[in-house]
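Biologist: Hi! Could you walk me through the strands in this one? I'd like to go pair by pair.

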Amino acid sequence: MFTNPIIPGFAPDPSITYYGGKFYLVTSTFEYFPGVSLWSSDDLVNWHSHGAVLTRTSQLNLEKANNSSGLYAASIRVNSNGRFYMVTTNKYTHENFICHTDDINNKWSETHFISSDGIDPSLLFLPDGRCFYTSNGSVDGVRCIKGAFINPDTGELLEDFKNLTKGCGGSSPEGPHLYFIDDYYYLMLAEGGTGYGHHEVILRSKNIYGPYEANPNNPILSHVSRKGHTIQATGHADLIKLDNDEWYAVFLAIRTKPRPLLHHLGRETFLSKVNWKDGWPIIGDNGKVEIINDYGPNQEDNSDYSVLFSEPLENYPYLKVRVPKPECYLLNKEDRTLTLMGEENINTPLGHPTLLAFRQRGFHELMKVKINPKSIEARAGIASYLSSDYHYRLEAKCVENNVEVSLIRHLHDFEAITEKIVLPILENLSLMIKSDDEFYYFYANDEFVGKASVYGLASEGTMYNTFTGALFAAYAEGGRAVFLDKIEMKSIK
């Protein structure tokens, strides 16, 4: 028994592998640093942050990456010698690249360029040790899923790309994954775009270069016809075989509770059983899956956690915007404080704000911090954050002997202070955000400041394609601010 989504909140484009008794999974991070989030599990049920793959600026350039640009879908694979490989696309630099590690618990290698064309690369290691690379892209001017053998340790192409297939007729063929099963090469891919037309199809061939025949019962995963269902936009799947010969799929989907065709949590990682019939896989119940709300007897409840300032930040799945700026995030583990040195404002286009963010993982959540108000040199606070263009800020600044706390809404290109309260300066200032299905509620020292609709952060209302999801964040602008003890994250169901 497992709870879906298995990785809630902003965790799209999952890819999975298995080695040494553990499952490892990567998800996309777009304009956020560190790049390509890594998760691990002993049982496919309980998942934990395992850090990230790209943790150094020498590996990852996001300097001026647009919102929802940067790192697209990654794939993770491991060869027979236990070397792990990750391959991904940086849309900002127009690069597909690869890196590796011989120890999944330590740093990954520098990256190696493969190709500038296409997105969503993946790898297949054949029984003889050779590595075949696939992505979408163009061959001789034809849009297709393409493939070629590569040297995975250097990224060198060992042959010209070949056109494997133009897909099964749906728009935007992408996210290809190739498998060698029972003498067939199975090529699975997503079509329909990563919105409400998203679905998964599969083809197969006896020859790695094709021709590939389509499954007559495609799609093998689709909620296109289930308008109004909580789960939408299913696709971008990856298959995994267990030691007991059972098969599962991880895939992305969105939750649209309670308003159909609106979502703000982002694309999340789901899991489903896979059955085989007549030589073809079927995900879920004939391509349909359900939310599972109850924890099984072997599943941990990870809905509550605190980011303790007595521990390294790397212990937690944090995200920063574009560049890491370690000099702006000063942790004092003995004093249990985090000093944020604010530089650019949160709403700076293509900016590098001092903002420490964590995924909003459910509809009913709480984030709470404490700040030393006397330490605030300009402005500091917390935010419900989708991007520089879409966020709500609960912001504090000192004015004479008081502290002003303002609720600021930034939507599209418009920003306004909509509520404000004035409090006396005390030893610490508590700031809190609570969320439910419809609203974010903002508090200062337990005094209600105001509320704002969650749908201001819904991807469907943005002025460009939004591939990320809502985050809770602590930030500072224009100078120093000292946060005390911890960042509390909690489910409030």
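Biologist: Which residue in strand 12 does Ser138 stand opposite?

Modeller: Ser138 faces Arg143 there. Keep in mind that this is a predicted model.

Biologist: Thanks! How many bridges are there between strand 11 and strand 12, and in which sense do they pair?

Modeller: Strand 11, residues 131-139, pairs with strand 12, residues 142-150, over 9 bridges in the antiparallel sense. Both belong to an open sheet of 4 strands, in the order 10-11-12-13, with antiparallel pairing.

Biologist: And which strands stand at the edges?

Modeller: Strand 10 (122-125) and strand 13 (162-165). Each has a single partner strand, so one side of each has no neighbour in the sheet. On average, neighbouring strands of this sheet are turned by 40 degrees against each other, ignoring direction.

Biologist: What does strand 2 pair with, then?

Modeller: Strand 1 (residues 15-19) runs antiparallel to strand 2, with 5 bridges joining them. Strand 4 (residues 35-41) also pairs with strand 2 in the antiparallel sense, again over 5 bridges.

Biologist: How many residues lie between strand 1 and strand 2 in their hairpin?

Modeller: There are 2 residues between them, and Gly20 in that turn has a positive phi of about 60 degrees.

Conventions:
Residues numbered from 1 in each chain as written. Predicted model: local features only at pLDDT ≥ 70, side-chain atom pairs only at ≥ 80, totals over all residues. Heavy atoms only, no water. Pairing = 2+ DSSP bridges. Axes fitted to C-alpha atoms, helices over the stretch in contact; angles between N-to-C directions.
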